[in-house]
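Here are a few exercises to work through with the model open in your viewer. Try each task before you read its solution.

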Amino acid sequence: MRAQFVLSEIGVGLRRNLTMTFAVVVSVALSLALFGGSLLMQDQVSSMKGYWYDKVNVSIYLCNKSDAETDPACAKGAVTSAQKDRIKADLEKLPVVDEVLYESPDQAYKLYKEQYANSPLASSLTPDQMQESYRVKLKDPEKYEVVATAFSGRDGVHSVEDQKEYLNSLFELLDGMRVTALAVMGLMLVVALMLIVNTVRVSAFSRRRETGIMRLVGASGFYIQAPFIMEAAVAGLIGGIVACGFLLVGRYFMIDHGLGLAEKLPLINFIGWDAVIKTLPLVLTIGVLMPALAASVVLRKYLKV
(Lines give C-alpha, C1' and ligand atoms only; values in the text may rest on other atoms or scores of the structure.)
Protein backbone atom coordinates (compact mmCIF):
# COMPACT_ATOMS: atom_id res chain seq x y z
CA MET A 1 0.00 0.00 0.00
CA ARG A 2 2.80 2.39 0.90
CA ALA A 3 4.63 1.64 -2.34
CA GLN A 4 1.43 2.30 -4.28
CA PHE A 5 1.00 5.63 -2.47
CA VAL A 6 4.58 6.68 -3.23
CA LEU A 7 4.17 5.79 -6.90
CA SER A 8 0.89 7.68 -7.14
CA GLU A 9 2.51 10.74 -5.55
CA ILE A 10 5.37 10.57 -8.06
CA GLY A 11 2.88 10.62 -10.93
CA VAL A 12 0.98 13.53 -9.38
CA GLY A 13 4.15 15.53 -8.84
CA LEU A 14 5.42 14.97 -12.39
CA ARG A 15 2.09 16.01 -13.88
CA ARG A 16 1.80 19.13 -11.71
CA ASN A 17 5.24 20.37 -12.77
CA LEU A 18 5.24 19.02 -16.31
CA THR A 19 6.98 22.03 -17.88
CA MET A 20 9.74 22.15 -15.26
CA THR A 21 10.13 18.37 -15.38
CA PHE A 22 10.61 18.59 -19.13
CA ALA A 23 13.25 21.28 -18.64
CA VAL A 24 15.03 19.07 -16.09
CA VAL A 25 14.96 16.10 -18.50
CA VAL A 26 16.39 18.17 -21.36
CA SER A 27 19.15 19.79 -19.29
CA VAL A 28 20.14 16.47 -17.68
CA ALA A 29 20.13 14.76 -21.09
CA LEU A 30 22.36 17.41 -22.67
CA SER A 31 24.82 17.53 -19.76
CA LEU A 32 25.09 13.74 -19.59
CA ALA A 33 25.42 13.45 -23.38
CA LEU A 34 28.34 15.90 -23.23
CA PHE A 35 29.81 13.97 -20.30
CA GLY A 36 29.52 10.66 -22.15
CA GLY A 37 30.85 12.26 -25.33
CA SER A 38 33.91 13.59 -23.50
CA LEU A 39 34.59 10.12 -22.06
CA LEU A 40 34.32 8.57 -25.53
CA MET A 41 36.57 11.27 -26.97
CA GLN A 42 39.15 10.47 -24.30
CA ASP A 43 38.94 6.79 -25.28
CA GLN A 44 39.31 7.78 -28.94
CA VAL A 45 42.42 9.86 -28.26
CA SER A 46 43.94 7.03 -26.20
CA SER A 47 43.12 4.52 -28.93
CA MET A 48 44.64 6.73 -31.64
CA LYS A 49 47.77 7.33 -29.57
CA GLY A 50 48.24 3.63 -28.99
CA TYR A 51 47.62 2.88 -32.67
CA TRP A 52 49.78 5.59 -34.22
CA TYR A 53 52.57 5.81 -31.64
CA ASP A 54 53.15 2.12 -32.21
CA LYS A 55 53.70 2.81 -35.93
CA VAL A 56 55.77 5.99 -35.92
CA ASN A 57 59.55 5.80 -36.02
CA VAL A 58 62.51 7.86 -35.03
CA SER A 59 64.39 8.79 -38.19
CA ILE A 60 68.16 9.31 -38.17
CA TYR A 61 69.05 11.13 -41.38
CA LEU A 62 72.64 10.74 -42.58
CA CYS A 63 74.78 13.32 -44.35
CA ASN A 64 75.18 13.13 -48.12
CA LYS A 65 77.48 15.06 -50.47
CA SER A 66 75.02 17.93 -50.91
CA ASP A 67 74.66 18.34 -47.15
CA ALA A 68 78.44 18.38 -46.72
CA GLU A 69 78.62 21.44 -48.98
CA THR A 70 75.72 23.43 -47.54
CA ASP A 71 74.83 22.27 -44.01
CA PRO A 72 77.03 23.02 -40.97
CA ALA A 73 75.79 19.80 -39.30
CA CYS A 74 77.61 17.86 -42.03
CA ALA A 75 80.75 20.00 -42.17
CA LYS A 76 82.96 16.93 -41.75
CA GLY A 77 81.67 15.43 -44.96
CA ALA A 78 79.24 12.79 -46.11
CA VAL A 79 78.70 9.74 -43.96
CA THR A 80 81.18 6.90 -44.48
CA SER A 81 80.51 3.16 -44.49
CA ALA A 82 82.36 2.80 -41.19
CA GLN A 83 80.25 5.53 -39.59
CA LYS A 84 77.04 3.89 -40.83
CA ASP A 85 78.09 0.58 -39.38
CA ARG A 86 78.91 2.14 -35.99
CA ILE A 87 75.60 4.03 -35.92
CA LYS A 88 73.65 0.85 -36.65
CA ALA A 89 75.62 -1.16 -34.10
CA ASP A 90 75.12 1.48 -31.41
CA LEU A 91 71.40 1.67 -32.19
CA GLU A 92 70.97 -2.07 -31.81
CA LYS A 93 72.70 -1.96 -28.43
CA LEU A 94 70.18 0.50 -26.98
CA PRO A 95 67.60 -1.30 -24.79
CA VAL A 96 64.82 1.09 -25.92
CA VAL A 97 65.25 0.13 -29.60
CA ASP A 98 62.99 -2.58 -30.98
CA GLU A 99 63.98 -2.60 -34.66
CA VAL A 100 66.37 -0.76 -37.00
CA LEU A 101 65.63 -0.45 -40.73
CA TYR A 102 67.91 1.12 -43.31
CA GLU A 103 66.49 3.31 -46.09
CA SER A 104 68.80 3.97 -49.06
CA PRO A 105 68.72 7.17 -51.18
CA ASP A 106 67.02 5.22 -53.98
CA GLN A 107 64.31 4.00 -51.59
CA ALA A 108 63.84 7.50 -50.19
CA TYR A 109 63.58 8.91 -53.73
CA LYS A 110 61.00 6.30 -54.75
CA LEU A 111 58.92 6.98 -51.63
CA TYR A 112 59.09 10.73 -52.21
CA LYS A 113 57.93 10.33 -55.81
CA GLU A 114 54.97 8.25 -54.66
CA GLN A 115 53.90 10.64 -51.91
CA TYR A 116 54.55 13.93 -53.72
CA ALA A 117 54.01 13.04 -57.35
CA ASN A 118 52.21 16.34 -58.01
CA SER A 119 54.86 18.49 -56.36
CA PRO A 120 56.91 20.68 -58.74
CA LEU A 121 60.05 19.66 -56.81
CA ALA A 122 59.57 15.98 -57.60
CA SER A 123 60.77 16.37 -61.18
CA SER A 124 63.87 18.32 -60.19
CA LEU A 125 65.17 15.94 -57.51
CA THR A 126 67.58 13.08 -58.16
CA PRO A 127 68.32 10.03 -55.98
CA ASP A 128 71.77 11.31 -55.01
CA GLN A 129 70.14 14.38 -53.42
CA MET A 130 68.05 12.23 -51.07
CA GLN A 131 69.32 11.39 -47.60
CA GLU A 132 69.81 7.82 -46.54
CA SER A 133 68.50 7.11 -43.08
CA TYR A 134 67.86 4.63 -40.31
CA ARG A 135 64.19 4.15 -39.33
CA VAL A 136 64.18 3.20 -35.66
CA LYS A 137 61.18 1.62 -34.01
CA LEU A 138 61.18 2.08 -30.23
CA LYS A 139 59.75 -0.25 -27.63
CA ASP A 140 58.35 2.86 -25.90
CA PRO A 141 57.69 5.82 -28.24
CA GLU A 142 58.10 8.20 -25.30
CA LYS A 143 61.83 7.32 -25.10
CA TYR A 144 62.72 9.41 -28.16
CA GLU A 145 65.11 11.61 -26.17
CA VAL A 146 67.36 8.62 -25.49
CA VAL A 147 68.03 8.21 -29.21
CA ALA A 148 68.16 11.96 -29.91
CA THR A 149 70.73 12.54 -27.15
CA ALA A 150 72.90 9.61 -28.24
CA PHE A 151 73.05 10.41 -31.97
CA SER A 152 72.44 14.13 -32.51
CA GLY A 153 75.68 15.82 -33.54
CA ARG A 154 77.56 12.59 -34.29
CA ASP A 155 79.81 12.46 -37.31
CA GLY A 156 77.78 11.52 -40.38
CA VAL A 157 74.41 12.33 -38.75
CA HIS A 158 72.48 15.20 -40.29
CA SER A 159 69.48 15.19 -37.91
CA VAL A 160 67.32 13.05 -35.65
CA GLU A 161 63.56 13.46 -36.02
CA ASP A 162 60.71 12.04 -34.00
CA GLN A 163 57.70 11.41 -36.22
CA LYS A 164 55.51 11.41 -33.12
CA GLU A 165 55.77 15.20 -33.04
CA TYR A 166 53.74 15.43 -36.25
CA LEU A 167 50.80 13.79 -34.47
CA ASN A 168 50.93 15.85 -31.30
CA SER A 169 49.07 18.81 -32.82
CA LEU A 170 46.18 16.51 -33.76
CA PHE A 171 46.03 14.99 -30.28
CA GLU A 172 46.23 18.44 -28.68
CA LEU A 173 43.25 19.53 -30.82
CA LEU A 174 41.25 16.46 -29.75
CA ASP A 175 42.17 17.02 -26.11
CA GLY A 176 41.07 20.64 -26.44
CA MET A 177 37.72 19.53 -27.84
CA ARG A 178 37.30 17.12 -24.93
CA VAL A 179 38.06 19.84 -22.37
CA THR A 180 35.59 22.17 -24.10
CA ALA A 181 32.92 19.47 -23.96
CA LEU A 182 33.62 19.01 -20.24
CA ALA A 183 33.35 22.77 -19.65
CA VAL A 184 30.01 22.97 -21.46
CA MET A 185 28.90 19.85 -19.57
CA GLY A 186 29.74 21.58 -16.28
CA LEU A 187 27.66 24.60 -17.26
CA MET A 188 24.73 22.41 -18.27
CA LEU A 189 25.09 20.47 -15.03
CA VAL A 190 24.76 23.66 -13.01
CA VAL A 191 21.63 24.58 -15.00
CA ALA A 192 20.20 21.09 -14.43
CA LEU A 193 20.84 21.26 -10.68
CA MET A 194 19.19 24.69 -10.46
CA LEU A 195 16.15 23.37 -12.30
CA ILE A 196 16.00 20.31 -10.06
CA VAL A 197 16.17 22.47 -6.93
CA ASN A 198 13.46 24.78 -8.21
CA THR A 199 11.24 21.89 -9.30
CA VAL A 200 11.51 20.15 -5.93
CA ARG A 201 10.88 23.40 -4.09
CA VAL A 202 7.74 24.17 -6.10
CA SER A 203 6.52 20.60 -5.70
CA ALA A 204 7.07 20.69 -1.92
CA PHE A 205 5.31 24.05 -1.63
CA SER A 206 2.29 22.90 -3.67
CA ARG A 207 1.88 19.84 -1.45
CA ARG A 208 2.65 21.46 1.89
CA ARG A 209 -0.88 20.67 3.18
CA GLU A 210 -0.53 16.95 2.43
CA THR A 211 2.93 16.75 3.97
CA GLY A 212 1.70 18.63 7.04
CA ILE A 213 -1.07 16.08 7.55
CA MET A 214 1.36 13.18 7.06
CA ARG A 215 3.65 14.72 9.68
CA LEU A 216 0.77 15.04 12.16
CA VAL A 217 -0.25 11.38 11.79
CA GLY A 218 3.32 10.26 12.49
CA ALA A 219 4.71 9.51 9.02
CA SER A 220 8.48 9.11 8.96
CA GLY A 221 10.73 11.65 7.33
CA PHE A 222 11.82 9.22 4.64
CA TYR A 223 8.19 8.33 3.84
CA ILE A 224 7.38 12.01 3.34
CA GLN A 225 10.49 12.77 1.30
CA ALA A 226 10.46 9.62 -0.83
CA PRO A 227 7.94 10.85 -3.49
CA PHE A 228 9.91 14.07 -4.09
CA ILE A 229 13.25 12.24 -4.30
CA MET A 230 11.76 9.64 -6.63
CA GLU A 231 10.28 12.37 -8.87
CA ALA A 232 13.74 13.89 -9.32
CA ALA A 233 15.28 10.42 -9.86
CA VAL A 234 12.67 9.50 -12.50
CA ALA A 235 13.23 12.79 -14.35
CA GLY A 236 17.00 12.17 -14.19
CA LEU A 237 16.54 8.59 -15.40
CA ILE A 238 14.54 9.80 -18.41
CA GLY A 239 17.25 12.38 -19.11
CA GLY A 240 19.92 9.66 -18.82
CA ILE A 241 18.04 7.42 -21.26
CA VAL A 242 17.78 10.32 -23.73
CA ALA A 243 21.52 11.01 -23.29
CA CYS A 244 22.29 7.33 -24.01
CA GLY A 245 20.17 7.64 -27.15
CA PHE A 246 22.20 10.69 -28.21
CA LEU A 247 25.46 8.77 -27.75
CA LEU A 248 24.25 5.73 -29.69
CA VAL A 249 22.79 7.80 -32.53
CA GLY A 250 25.89 10.03 -32.61
CA ARG A 251 28.23 7.04 -32.89
CA TYR A 252 26.04 5.47 -35.59
CA PHE A 253 25.71 8.54 -37.82
CA MET A 254 29.17 10.04 -37.31
CA ILE A 255 31.26 6.90 -37.73
CA ASP A 256 29.24 4.13 -39.38
CA HIS A 257 26.72 6.02 -41.51
CA GLY A 258 25.76 9.62 -42.23
CA LEU A 259 29.18 11.26 -42.11
CA GLY A 260 30.72 7.81 -42.49
CA LEU A 261 34.05 8.77 -40.92
CA ALA A 262 35.14 5.14 -40.64
CA GLU A 263 34.95 4.80 -44.43
CA LYS A 264 36.31 8.26 -45.26
CA LEU A 265 39.20 8.06 -42.79
CA PRO A 266 40.30 4.42 -42.87
CA LEU A 267 43.67 5.24 -41.30
CA ILE A 268 42.02 6.30 -38.04
CA ASN A 269 41.27 3.52 -35.57
CA PHE A 270 37.83 4.65 -34.34
CA ILE A 271 36.42 3.36 -31.07
CA GLY A 272 33.94 0.50 -31.37
CA TRP A 273 30.46 -0.07 -30.03
CA ASP A 274 31.92 -1.78 -26.96
CA ALA A 275 33.34 1.54 -25.74
CA VAL A 276 29.93 3.22 -26.17
CA ILE A 277 28.05 0.40 -24.42
CA LYS A 278 30.54 0.48 -21.55
CA THR A 279 29.81 4.20 -21.00
CA LEU A 280 26.00 3.91 -20.91
CA PRO A 281 25.63 2.39 -17.38
CA LEU A 282 27.75 5.21 -15.92
CA VAL A 283 25.61 7.83 -17.70
CA LEU A 284 22.39 6.23 -16.39
CA THR A 285 23.76 5.92 -12.85
CA ILE A 286 24.76 9.58 -12.72
CA GLY A 287 21.41 10.52 -14.28
CA VAL A 288 19.57 8.86 -11.38
CA LEU A 289 21.85 9.69 -8.46
CA MET A 290 22.56 13.34 -9.26
CA PRO A 291 18.91 14.57 -9.15
CA ALA A 292 18.05 12.27 -6.22
CA LEU A 293 20.93 13.58 -4.09
CA ALA A 294 20.15 17.19 -5.04
CA ALA A 295 16.49 16.68 -4.12
CA SER A 296 17.33 15.10 -0.73
CA VAL A 297 19.55 18.06 0.16
CA VAL A 298 16.90 20.60 -0.86
CA LEU A 299 14.14 18.78 1.04
CA ARG A 300 15.98 19.18 4.34
CA LYS A 301 15.37 22.89 3.99
CA TYR A 302 11.89 23.01 2.47
CA LEU A 303 10.37 20.03 4.35
CA LYS A 304 10.96 20.28 8.07
CA VAL A 305 11.04 16.56 8.72
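**Exercise 1. The sulfur pair**

How many disulfides does the count come to? Find the partners, then work out the handedness and what gets tied together.

Solution. Keep in mind that this is a predicted model.

- Step 1: use the cut-off, which is a pair of cysteine sulfur atoms within 2.5 Å. The count comes to 1 disulfide.
- Step 2: pick out the partners. C63 is joined to C74, with an S to S distance of 2.0 Å.
- Step 3: C63 sits in the loop between strand 1 (58-62) and helix 3 (65-70), while C74 is in the loop between helix 3 and helix 4 (81-93), so the pair ties together parts 11 residues apart in sequence.
- Step 4: check the torsion. About the S-S bond of C63 and C74 it is about -80 degrees, so this disulfide is left-handed.
- Step 5: look at the accessibility. C63 and C74 are both buried.

**Exercise 2. Salt bridges across the chain**

How many salt bridges does a search of the whole structure find?

Solution. 

- Step 1: apply the criterion, a side-chain nitrogen of Lys or Arg within 4 Å of a carboxyl oxygen of Asp or Glu. The whole structure gives 4 salt bridges.
- Step 2: start with K76. Its salt bridge is with D155, and the closest N and O atoms are 3.3 Å apart. This pair links distant parts of the chain, 79 residues apart: K76 is in the loop between helix 3 and helix 4, and D155 is in the loop between helix 6 (144-151) and strand 4 (157-162). K76 is exposed at 71% relative accessibility, whereas D155 is partly exposed at 38%.
- Step 3: move to R154. It forms a salt bridge with D90, and here the closest N and O atoms are 2.9 Å apart. R154 is in the loop between helix 6 and strand 4 and D90 is in helix 4, so parts 64 residues apart in sequence are tied together. Both ends come out partly exposed, with R154 at 24% and D90 at 25%.
- Step 4: finish with E103. Its partner is R135, with the closest N and O atoms 2.8 Å apart. E103 belongs to strand 2 (residues 97-103) and R135 to strand 3, so this pair ties together parts 32 residues apart in sequence. Both E103 and R135 are buried.

**Exercise 3. One serine and its surroundings**

Is S133 buried or exposed? List what it touches, leaving aside neighbours within four places in sequence.

Solution. 

- Step 1: locate the residue. S133 is part of strand 3 (residues 133-138).
- Step 2: compare its relative accessibility with the cut-off. Buried means under 20%, and S133 has 0%, so S133 counts as buried.
- Step 3: collect the contacts. S133 is in contact with I60, Y61, L62, L101, Y102 and E103. E103 is also the salt-bridge partner of R135.

**Exercise 4. Zooming out**

How many helices and strands are there in the protein?

Solution. 

- Step 1: count the elements. The protein has 11 helices and 4 strands.
- Step 2: take burial. Among the protein's 305 residues, 40% count as buried.
- Step 3: sort the contacts. Of those with a separation of 6 or more, 81% are between residues 24 or more positions apart.

Technical notes:
Residues numbered from 1 in each chain as written. Predicted model: local features only at pLDDT ≥ 70, side-chain atom pairs only at ≥ 80, totals over all residues. Heavy atoms only, no water. Helix = DSSP H or I, 4+ residues; strand = E, 2+ residues; numbered from the N terminus. Buried < 20%, exposed > 50% of the residue type's maximum accessible area, 1.4 Å probe, protein only. Contact = heavy atoms within 4.5 Å.
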